[in-house]
Amino acid sequence: MRGTHGRLAKLACSIAAGLLICSLSPCRCEPSCRLLLMAQARSVPFTAEQDGWLGKETGLRRDLLNWYARNRRRLPWRGDPPPWSEDKAGLRRQAAQASAAQHQPKLNSFFTTSLKTRPPGAKAVVLDLDDSDEQPDSASEGAGPTIYSRSAYGTWVSEVMLQQTQVERVVNYWTRWMGRFPDVHALAQADPADINAAWAGLGFYGRARRLHEGAKFVVTNHSGNVPVDCNELLRIPGVGPYTAGAISSIAFG
């Protein structure tokens, strides 16, 4: 049993660590976890003869992935619409409220049930207390919030910003950065002073300089398209195995 538990724990940690990148914890997982993500998340054949495996590992992977899809942070570089997960205290409050709501009956259900005891011949009246389907007033209609498409460039920028910086702080910096330098070409052509101004407050300015150098390299060698091949990603200045693995798994699947 000790061997079985050890293998299950290692599998769970490997999958969870890879899935929670920049999502549920401000901590950063080991590079090996990121690179193992795709391999661990897919169906790997196991047999009951392999040191006590119970034959339920595929279900464990599925449950972990489903749990991650429900609970992961909402982030602009993942293509999620706002509001994004920027406030840890707010996230805790939402989790507590969601847990409490599971044990409370909905008002719609309460009133509908009560009205079922109407006198014979009386017309049924159902109160619709859910206004989620109501159309907004014309005065409040506008262009709507910006939704960013998931891209290799956006993932690259987010990964560099997230080095030694918490997710909650990066969100605003990332959206402002993408507004000023929306693609590799814009970043490659930017003035270093403008890049430093956009980075001001994040610290470790060498990260911004390496991003700038990397963008110039991609424009010169790949016509401004971030390469798909991991070996080619590793040739970009400032991109190591960790960042290359993140771009490959997040942007290119």
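**Stop 1: Ser248**

Select Ser248. This residue is buried, with a relative accessible area of 17%. Buried means under 20% relative accessible area, exposed means over 50%, and partly exposed lies in between (1.4 Å probe, protein chains only). Ser248 sits in helix α12. Show its surroundings: Ser248 touches Val228, Cys230, Leu233 and Gly253, leaving aside residues up to four places away in sequence. Contact here means heavy atoms within 4.5 Å.

A word on the model before moving on. It is predicted: local features need pLDDT of at least 70, side-chain atom pairs count only at pLDDT 80 or more, and totals for chains, interfaces and linings use all residues. Residues are numbered from 1 along each chain as its sequence is written, and side-chain values use heavy atoms, with hydrogens and water left out.

**Stop 2: the rest of α12**

Stay on this helix and select Thr243, which also lies in α12. Thr243 is buried, with a relative accessible area of 4%. Its contacts are Trp156, Glu159 and Gln163, again not counting residues up to four places away in sequence.

How many of the eleven residues of α12 are buried? Nine are, so α12 is largely enclosed by the rest of the structure. Color them: Tyr242, Thr243, Ala244, Gly245, Ala246, Ile247, Ser248, Ser249 and Ile250. Just after α12, check the backbone of Gly253, where phi is positive at about 70°.

**Stop 3: the whole chain**

Zoom out and switch to cartoon. The chain has twelve helices and zero strands. Helices (H or I, at least four residues) and strands (E, at least two) are DSSP runs, numbered from the N terminus. Of the 253 residues of the chain, 34% count as buried. Now consider contacts with a separation of 6 or more: residues 24 or more positions apart account for 63% of them.

**Stop 4: α6 against α7**

Two packed helices are described by the angle between their axes and the distance between the axes. Select residues 152-161 for α6 and 167-180 for α7; their axes come within 10 Å and cross at roughly 140°. That makes α6 oblique to α7. Axes are lines fitted to C-alpha atoms, for helices over the stretch in contact, and angles run from 0 to 180 degrees between N-to-C directions. Angles under 35 degrees count as roughly parallel, over 145 as roughly antiparallel, 65 to 115 as roughly perpendicular and the rest as oblique.

The crossing of α6 past α7 is right-handed. A crossing is right-handed if the near helix is turned clockwise from the far one by less than a right angle, and left-handed if anticlockwise. Show side chains next. From α6, Tyr153, Gly154, Val157, Ser158 and Met161 meet Val170, Tyr173, Trp174, Trp177 and Met178 of α7. The residues of this α6 and α7 contact divide into eight nonpolar, two polar and no charged. Ala, Val, Leu, Ile, Met, Phe, Trp, Tyr, Cys and Pro count as nonpolar, Asp, Glu, Lys and Arg as charged, and the others, Gly among them, as polar.

**Stop 5: α6 against α10**

Trp156, Val157, Val160 and Met161 of α6 make the contact with Arg207, Leu211, Gly214, Ala215 and Val218 of α10. By class, the contact of α6 with α10 has seven nonpolar, one polar and one charged residues.

**Stop 6**

**Stop 7: the core**

Which residues touch the most other members of the largest nonpolar core? Among its 38 residues, they are Tyr153, Trp156, Met161 and Trp177. A nonpolar core is a set of buried Ala, Val, Leu, Ile, Met, Phe, Trp, Tyr and Cys residues joined through side-chain atoms within 4.5 Å. The largest share of this core, seven residues, comes from α7.

Finish on Met161. Not counting residues up to four places away in sequence, Met161 touches Val170, Tyr173, Trp174, Trp177, Trp199, Leu202 and Arg207.
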